[in-house]
Amino acid sequence: MRLLASTLLGLVLLSGCQGLRLQPLMGVNTRLSTPGDDRSPSMARQGVVWIAPGPAGQHQVRWFDLASGMGGPLPGLNRPDAQPISVSVDAKGSRIALVRSLDGRTELLLYNRNLASVRPLMLVPAGVPARVALSADGQQLAVQVSRGGRWEVEVMRVP
Amino acid sequence: MRRALLLLVLVLLAGCSQRYSAPGLGDQEDPALSGNGRLLVSVVDRGGRRSLRLVERSTGRELPLPGLRQGQPHRSPSLSWTGRYLAFIRQRGTRPEAVLLDRLSGRLQPLALPNDRLPERLSLAPDGQQLAVQVLRRGQLDLELFRLPGLEPDLPAGAPLP
């Protein structure tokens, strides 16, 4: 009896140490898998955006719709001469914020997936953006910016 | 005239952004917002220790994060819709470890990834039910999605229950 109780106690303690056991989305993960490095994931309610290796070796932003189980196009967002650095999506998957390097500059952009439109966002005073994060409602954007050799974080409205 | 107009636009744009520095803090990196932007979490350098800082944006007040005094450096924080759940990566010895803080209960749980995967970056779904992880596996960075079983969904006020 004592042995059984101590075994049970041990199991309970062990399970507590292991924490929350994550369940892989098996069917999805095999479809997301690409040869090469995948970076900067950001989850929407029904999808995910991230930076993946493109067909010609350059990196590009990709969107995967969990409801349909398929990737979706992002017309006008990816450029072969640009290097995406950080990406973030809102809950609906309609707005995507992107930091990318182009022509020796680093720029901050907002992409509207429904309109396939890209809008540059200006940092004032000027700075070099690095990581970006959209709020789930898509109305606010937080960005890590380098100014004067220091990293700062600022938040802006994106109506 | 054109210069004045440009200046006005710049001033207006500058007024649209807020910064969240505070005395004694060094670099601030890796920001993430709650669903409506009420809360901002970032990684800040406090005397050489890179740890999470959670701020209520309307007041600028720093909110307590109980149980997070160890495991620095912290990185890649991600908030659920109301900010109830906070997922991030901490250091456990020589290995990075993904963890989830339930700010409602104060419970901090390690997120056990399948064998041979090390977490590099995280993104929590707004309702807290799924997690996207950039994992390092056999020298390659992969994207993998996981379900978080047994967690109460974190939904915006008025949203229909699933």
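The model is predicted, so local features need pLDDT of at least 70 and side-chain atom pairs count only at pLDDT 80 or more, while totals for chains, interfaces and linings use all residues. Residues are numbered from 1 along each chain as its sequence is written, chains are lettered from A in the order in which they are written, and side-chain values use heavy atoms, with hydrogens and water left out.

**Confidence and interface**

Chain A has a mean pLDDT of 90, and 89% of its residues reach 70 or more; pLDDT is the predictor's confidence in each residue, from 0 to 100. Over residues 8–16 of chain A, pLDDT stays under 50, and the model has zero contacts beyond four places in sequence for them. Contact means heavy atoms within 4.5 Å.

B:Arg19, B:Leu143 and B:Leu145 supply 16% of the area that chain B buries against chain A, more than any other three residues. Buried area is the accessible area (1.4 Å probe) that two parts lose on being put together, summed over both.

On a 1 Å grid over the protein atoms alone, a cavity is a set of points where a 1.4 Å probe fits but cannot get out, whereas a pocket is an open set with protein on both sides within 12 Å along at least five of seven lines; lining residues have an atom within 4 Å of a point. Grid points are joined across faces, edges and corners, and a volume is the space filled by probe spheres set on the points. The whole structure holds two cavities of 30 Å³ or more.

| Space | Volume | Lining by class |
|---|---|---|
| Largest cavity | about 400 Å³ | 18 nonpolar, eleven polar, four charged |
| Second largest cavity | about 50 Å³ | five nonpolar, three polar, two charged |
| Largest pocket | about 320 Å³ | nine nonpolar, two polar, six charged |

Ala, Val, Leu, Ile, Met, Phe, Trp, Tyr, Cys and Pro count as nonpolar, Asp, Glu, Lys and Arg as charged, and the others, Gly among them, as polar.

Of the 33 residues lining the largest cavity, A:Ser42, A:Ser88, A:Ala133, B:Ser78 and B:Ser123 lie nearest its centre. In the second largest cavity, the largest share of the lining, three residues, comes from E7(A). Strands (E, at least two residues) are DSSP runs, numbered from the N terminus. The largest pocket takes the largest share of its lining, four residues, from E8(B).

**Backbone features**

Two peptide bonds are described here as cis: A:Val124 to A:Pro125, with omega near -5 degrees, and B:Gln72 to B:Pro73, with omega near 5 degrees. A:Pro125 lies in the loop between strand E10 (117–121) and E11 of chain A, and B:Pro73 in the loop between strand E5 (61–63) and E6 of chain B.

A:Ala116 is not a glycine, yet has a positive phi of about 55 degrees; with a relative accessible area of 33%, A:Ala116 is partly exposed. B:Arg138, likewise other than glycine, has a positive phi near 50 degrees and counts as exposed at 70% relative accessibility. Buried means under 20% relative accessible area, exposed over 50%, and partly exposed in between (1.4 Å probe, protein chains only).
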